[in-house]
Amino acid sequence: MTVEEKLVQWDPVDIKAKLIAKYPPKVARKRAKQIMINEALENETPEITANVRTIPGIITMRGCTYAGCKGVIMGPTRDIVNLVHGPIGCSFYAWLTRRNQTDPGPEGPDGENFMPYAFSTDMQEQDIIFGGEKKLEAAIQEAYDLFHPKSIAIFATCPVGLIGDDIHTVTRLMKEKFGDCNVYAFSCEGYKGVSQSAGHHIANNQVFRHIVGENDEVKPGKFKINLLGEYNIGGDGFEIDRIFDKCGITCISTFSGNSTYDQFASAHTADLNAVMCHRSINYVADMLETKYGIPWIKVNFIGAEATAKSLRKIAQYFDDKDLIKKVEEVIAEEMPAVEAVAADVKTRTDGKTAMLFVGASRAHHYQGLFTEMGMKVISAGYEFAHRDDYEGRQVIPDLKLDADSRNIEELVVEPDETRFAPRKTAKEIAALEADGLDFKKYDGLIPDMAKDTLIIDDLNQYEAEKLVELMKPDIFCAGIKEKFSIMKLGVPMKQLHSYDSGGPYAGFKGAMNFYAEIDRLTNSKVWSYLKAPWQESPELTAAYVWE
Amino acid sequence: MLLRHTPKEVVDRKALMINPAKTCQPIGAMYAALGIHGCLPHSHGSQGCCAYHRSTLTRHYKEPVSASTSSFTEGASVFGGQANLMQAINNIFTVYEPDVIAVHTTCLSETIGDDLPQIRKKAQSEGKIPEGKYVLGASTPSYSGSHVTGFSNMVKSMIDLSESTDVKNGKVNIIPGWVEPSDMEEIKRMAALTGVDTIMFPDTSGVLNGPMTGEYKMFPDGGTTIEELKSTGDSIGTLALGEWCSADAARTLDKKCKVPCKVLDMPFGLKATDRFVDTMRTVAGVSVSDELVFERGQLVDMITDMHQYFYKKKVAIAGDPDQLISMVEFLVSIDMCPVHIVTGSPAGKKFIKRMEELTEGIGCEVNIKAKGDLFTLHQWMKNEPVDLLICNTYGKYIARDEDTPFLRWGFPILDRQGHQYFPTVGYKGGLRMLEKILSALMDRMDRDADDAKFELVL
């Protein structure tokens, strides 16, 4: 498959038809519901189908529940011993591969950091046959004796659920035995749910159940927030922290980039939850509100405009003149440098096209950065999102609970008897809403996409190639598994899970990094070497004329 | 310090593995299957396994790695994965059109007891496998063995395709074991130089070190073809490189088609390469080419020229059993002292015994562990520091903390390039290995030398 010269215009209906033409009828029917032509009246799918089973045999980008739980949510917390109960592979593959940066610096050279370690019970055949609880118990004891951590988290892999190891009882007993170490478990077997998304939910539940609220100590700071759904990939969180510090905003906890156990334990002492990645963390945001009275707003620190907007939203919430002024000063100070880089880069990127297939917020968040460079996103979609991430949270009441979602526990949370304290009165909330500050609101990706663009859920390898072949984007963004097949087609590819080796791309400095990176990718001469001179003009002359 | 919690004192652990020096079977099966031309590896389990294996292989080779999965959900895990696999086979042959699907199991499908041969038979009888196409199957439970076992099991399953027609094809089968595509290419080149006609399986050269042409081929030009795999049953013999990686397949072929086999060490370093070349010469009844003799001479030249830098230098090394045997032999042969040796694979007494024989008489105490981990290796290094660490990329955390020169070798290498393109097998590969060892040691000498003792010529 090769990419021919650029088409000027394409017909989305025709492209959709071509994407599914080769499928067996059942597969084609299912995929048709997950491919949406934006705002097209003739579209037979007014709502997009998402968070449904992956089709066996169709090469998917998705991973599993364990990856979402251990890899995404719990991986970036440095002082928890994350012990994987299962055969060795799951622990091995999640070992340092996600580029979550962490800085134990503030705690000094003795600060705890277990992230460079992989811990596993390395289950063997006899454990599968006779049960692995004894081995798990012994492994927890050995980890405790070796490291004396404040917390040990256990992650179940596929066979654990199948053989019925009661990991929650084992951890409860070990916690009681130790007295000074919080031990708990995640039933995040890979087969649960339909993607990583189920793992996020399971992680949210257990963090909320076992850690949040453990430390009531009131931390200093006037404007205290939690940043939810930020994972410090490539140092994104460091840049956001820099901006918060400059503005005088105190981040009590980040879920979960550059985080510690104590941050989670103290999360209930913040006064606002700012939600970055809606998909992976909205459960915690809702539960913090119900139990402790902390409202949440949607923010986005990807893109300079989005960063400025998010800072203004936080300042508006606290309704403090000094903070509002400080935020404006910081934005005024940071923006000129960003705009200068954007203006320069735009001379080369204006009008170029991009495709984004990643995560369940990145494919949305990164569109702002491309817009700032004058680029158009012609197709986008999520790997593991739900309908609300596409269409907005107003669809949540209409979501049908299928067999796969029903298996994921929904925590029932009540207001805390002593610690529930609404941070704003109903009147204050109403006034802020009247002033345009939306609470618990996320409009999703679709409203931000142009007419006739293609929105595709759970894009697979075959469709990715077809899409690139038919629509010829100037850049394609996805993950490591997709990277090199796209590049072989001669199309630049940027990983938006791990950023290749780049970053940060969040905040103001991150925006400049991203402009420069996309400029490099879309304007480099290295893509011109694909054909050798004799392939470009293969005609042989009768005799070579020596000069 | 990155591994700041690793204590010097070694305490025996019975249940907790820390910083593994192995991973699970299915990834080995996937790598082996990529060495068949026109093959789509298929992971029969939950989709996370497949995603992790593809990601790890992609990060190592920097090449597309296509593989599909049965995408088990909770329902499939309870009721069995047959329906998922049947559907997958149909979808794969319709959409991707491979010549062969190489299915491997996972801990999930093994624990629930899915019967691969039965499902395959059902797919066959229901016409889900098109005429002239094949489905291979290997049982690769993650809870036994290691990635090496998975590789071996998938190679063994390839013997399913071998046929004997009673007419010998005059070829020698070579099973290269889990080595780089560049190594497979080099082994073929050496065989060709020796004048031996070979069938190599699996063969990932041209698959996982392909060119950039503006064209994406889901099934690249490289790989052992189905015709070649069929023909292995008519070969005059099989050379299996590596007891753990390759012997099972060779013995299975011997049993099935009466193709005699010889199990050799992987040709890393002078002596193992000598044995490999000598065996090829003998089985094919030819004399060794002048070019190979010349290359051997160059390797010996480098060894003797640079001997002062190797002599008595202590090395810690982690890797897979077959690779370690030849590499430790190489290190000892140039008078280096491998003092800490770890494999994560459960290679057992056979491995330990071989290691003890190879390191006998080096004049140092030697720590050897099979089913070990990098945590233990690091602790040994804290107690007995070394001049060089040889390990996969994960070794860089140890090397940084202990300020030890570091050479990346093995799987996975996630942070340096070259392994896909430049072999470490054979005489040429030996030269490259020595170049890397010397660079690591000499960079350190340069870095640490006082101004007064800083040397121009080394």
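Select chains A and B together: in this predicted model they bury about 6,900 Å² between them, 63% of it on carbon and sulfur atoms (buried area is the accessible area, taken with a 1.4 Å probe, that two parts lose on being put together, summed over both). Next pick B:His5, B:Tyr52 and B:Tyr216, which supply 11% of the area that chain B buries against chain A, more than any other three residues.

Residues are numbered from 1 along each chain as its sequence is written, and chains are lettered from A and ligands numbered from 1 in the order in which they are written. Local features need pLDDT of at least 70 and side-chain atom pairs pLDDT 80 or more, while totals for chains, interfaces and linings use all residues; side-chain values use heavy atoms, with hydrogens and water left out.

Now show the contact (heavy atoms within 4.5 Å): 74 residues come from chain B and 82 residues from chain A.

Zoom to A:Lys22 and B:Glu97, whose closest N and O atoms are 2.6 Å apart in a salt bridge (a side-chain nitrogen of Lys or Arg within 4 Å of a carboxyl oxygen of Asp or Glu). Between chain B and chain A there are three salt bridges.

Several elements give two or more residues to the side that touches chain A, among them β2 (39–44), α4 (82–95) and α16 (374–383) of chain B. The largest share, 10 residues, comes from α2(B).

Finish at strand β3 (residues 119–120) of chain A, which pairs with β1(B) in the antiparallel sense over two bridges (pairing requires at least two DSSP bridges between the strands). Here A:Phe119 has B:Ile18 as its bridge partner.

Technical notes: Helices (H or I, at least four residues) and strands (E, at least two) are DSSP runs, numbered from the N terminus.
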